[in-house]
Amino acid sequence: MLARYDCRTGKKEELLEHLKSVGEKANEIAQCLREVLNDMHTEAYYAGIFHDLFKIVYQPDNIDEYCKNHDRLSFPYHEILSAVFFSNYALRTENINLSEDQIRKVAKAILLHHQGLRAITLENFFEGYNLIIKRAKARKDLNKLVNDVLKSLRLGEVVDVYAFLDFRTLEGLLNRSSEEDRYLSGILMIADNFSVGKNLNEKSKRLLEMEILDYLKAINCVD
């Protein structure tokens, strides 16, 4: 399963590797910030390992055939279903030990981690949800795909993934906010961009690394 694939260059990133990497990096950044923010390293870790989970519904059966008509693999609104699934999974199973407020913060960070590419508002949330839920329902192997990832992340499996895709769990989420919501979203975005850098050309990669390192130095996360 792929988190990224550039049809022109063949550069790719495996989804499971990406989720683990972002979770670890988000946890590390949050730990650095404990002296200036409330401790959010647990929330940051879960945001990282769930943020791109529903890219699984866009996996092509044949990447070569897909690339005949596309420049890169695309995953529109994957963050919506990733946030919906996480919320239901965290609230309805005993696999994640977070309070309801912590779950809300993680779900919101997941939901907003692509705000630089597309803004998720209350108005277009349902449009995006309807688009991706159709993709999910069309995947007969959805249960297996999701459970394979959960198992690899050492989390408990679920019997019916579709039962965890009810958007009503997120009702009111976009209308509530706090300073910590923004900080957690920022931590996730930075951690995600670390892995993005591996797929850029050398000049763009160096510029991104400089921007990230400048920020991490400013908050005393790196020397």
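Predicted model: local features only at pLDDT ≥ 70, side-chain atom pairs only at ≥ 80, totals over all residues.
Residues are numbered from 1 along each chain as its sequence is written, and side-chain values use heavy atoms, with hydrogens and water left out.

Switch to a cartoon view. The protein has 9 helices and 2 strands; helices (H or I, at least four residues) and strands (E, at least two) are DSSP runs, numbered from the N terminus. From the N terminus on, the order is β-β-α-α-α-α-α-α-α-α-α. Of the 223 residues, 48% count as buried (under 20% relative accessible area; exposed is over 50%, partly exposed in between; 1.4 Å probe, protein chains only).

Select Cys7 and Cys67 next. A disulfide joins Cys7 to Cys67, with 2.1 Å from S to S (a disulfide is a pair of cysteine sulfur atoms within 2.5 Å). Cys7 lies in the loop between β1 and β2 (12-14) and Cys67 in helix α3 (residues 63-67), so the pair ties together parts that are 60 residues apart in sequence. A search of the whole structure finds 1 disulfide.

Now select Phe50, Phe54, Phe85 and Phe86. Of the 66 residues in the largest nonpolar core, these four touch the most other members. A nonpolar core is a set of buried Ala, Val, Leu, Ile, Met, Phe, Trp, Tyr and Cys residues joined through side-chain atoms within 4.5 Å. The largest share of this core, 8 residues, comes from α4. Stay on Phe86: leaving aside neighbours within four places in sequence, Phe86 is in contact (heavy atoms within 4.5 Å) with residues including Tyr46, Phe50, Ile96 and Leu98.

Finish at Thr93, in the loop between α4 (78-92) and α5 (100-112). Is Thr93 buried or exposed? Thr93 is buried, with a relative accessible area of 17%. A polar atom of the Thr93 side chain lies 2.7 Å from the backbone oxygen of Tyr89. Show Asn95 too: the side chains of Thr93 and Asn95 make a polar contact at 3.2 Å (a pair of N or O atoms within 3.5 Å; within protein, one must be able to donate a hydrogen and the other to accept it, and residues adjacent in sequence count only if both atoms are side-chain atoms).
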